[in-house]
Amino acid sequence: MTTILGLSGSLRRASFNTGLLRAAAELAPELTPAGTTILQGSIRAVPLYDADLEAASGLPASVQQLQAQLRAADGLLMVTPEYNNGMPGVFKNAIDWMSRGPGLAYFVGKPVALLGASPGGFGTVLAQNDWLPVLRTLKAELWAEGRMLVSRASGLFDENGALTDDRTRAALRDFIAGYSATL
Ligand code: FNR
């Protein structure tokens with residue numbers, strides 16, 4: 001069975017990006033190979049990275065859980081917001097923690113798909129680009145055949161962050177299907 005770990009880089013209750021991840025997970029039954037699942041991981045409990053904390057107490061339980069989920073996954077789906085033309089600090093912080101200890105090895109060769117949603121007109125293109133040197137450093141494999149930039153997101157999600165736009169859902173289906181077919 002193919003498992004994809006999905007991570008949203010937003011902690012906001014009605015996050016567009018978390019909504020996009022939920023919509024992707026709902027589409028999973030339509031994907032090939034049959035039985036593909038998208039596990040919605042969470043970065044919420046990850047503390048700010050502190051090397052002293054790591055030296056004194058090791059990896060926090062929240063980080064160990066994410067590492068175990070990454071290790072068991074065939075691919076990593078990163079749904080990134082854009083802050084100040086880059087990736088959000090909370091998301092980078094989580095990935096930094098995940099790369100510590102045994103975690104670095106779980107990124108090596110892992111197929112990663114990037115997507116994101118923003119209320120602006122550029123759909124997180126700069127945040128997605130910002131992840132490229134990070135993925136390279138982690139020796140992850142960027143899946144670059146598809147692109148998913150969701151712009152003007154305010155009109156595409158409801159007040160709870162649920163995706164309501166059929167065209168975006170269809171584009172998401174194509175994107176996820178293209179990615180999952182390579183896993
Ligand atoms: C933003 N936002 C934003 N959007 C964008 O397209 N480009 C940008 O550079 C920025 N910069 C930015 C900085 C900061 C500090 C914040 C808080 C926000 C807007 C951002 O896309 C918007 O808040 C989204 O709703 C965030 O994603 P979620 O939480 O809806 O998933």
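The questions and answers below concern the ligand and the pockets of this predicted model.

Reader: Which pocket does the ligand sit in?
Author: A molecule counts as sitting in a pocket if more than half of its atoms lie within 2 Å of the grid points of that pocket. By this test, the ligand sits in the largest pocket.

Reader: How much of the ligand does the protein bury, and which side chain has a polar atom 2.7 Å from an oxygen atom of the ligand?
Author: A polar contact is a pair of N or O atoms within 3.5 Å, and a polar side-chain atom of Ser118 lies 2.8 Å from an oxygen atom of the ligand. The ligand, taken alone, exposes 610 Å², and of that area the protein buries 69%. The side chain with a polar atom 2.7 Å from an oxygen atom of the ligand is that of Asn17.

Reader: Which class has six residues in the shell around the ligand?
Author: The residues around the ligand include Ser10, Arg12, Phe16, Glu82 and Asn84. When the shell is divided by class, four residues are nonpolar and two are charged, while the class with six is polar.

Reader: What is the volume of the second largest pocket?
Author: The largest pocket holds about 240 Å³ of space, and among the 16 residues that line it, the closest to its centre are Pro81, Glu82, Ala117, Ser118 and Pro119. The second largest pocket is lined by residues including Ser8, Leu21, Gln40 and Arg44, and its lining divides into three nonpolar, six polar and three charged residues. The volume of this second largest pocket is about 170 Å³.

Key: Residues numbered from 1 in each chain as written. Predicted model: local features only at pLDDT ≥ 70, side-chain atom pairs only at ≥ 80, totals over all residues. Heavy atoms only, no water. Near = heavy atom within 4 Å. Polar contact = N/O pair within 3.5 Å; in protein donor to acceptor, adjacent residues only side chain to side chain. Areas by Shrake-Rupley, 256 points an atom, 1.4 Å probe, with all protein chains shown as cover. 1 Å grid on protein atoms, 1.4 Å probe; cavity = no way out; pocket = protein on both sides within 12 Å on 5 of 7 lines; lining within 4 Å. Nonpolar A, V, L, I, M, F, W, Y, C, P; charged D, E, K, R; others polar. Points joined across faces, edges and corners; volume = space filled by probe spheres on them.
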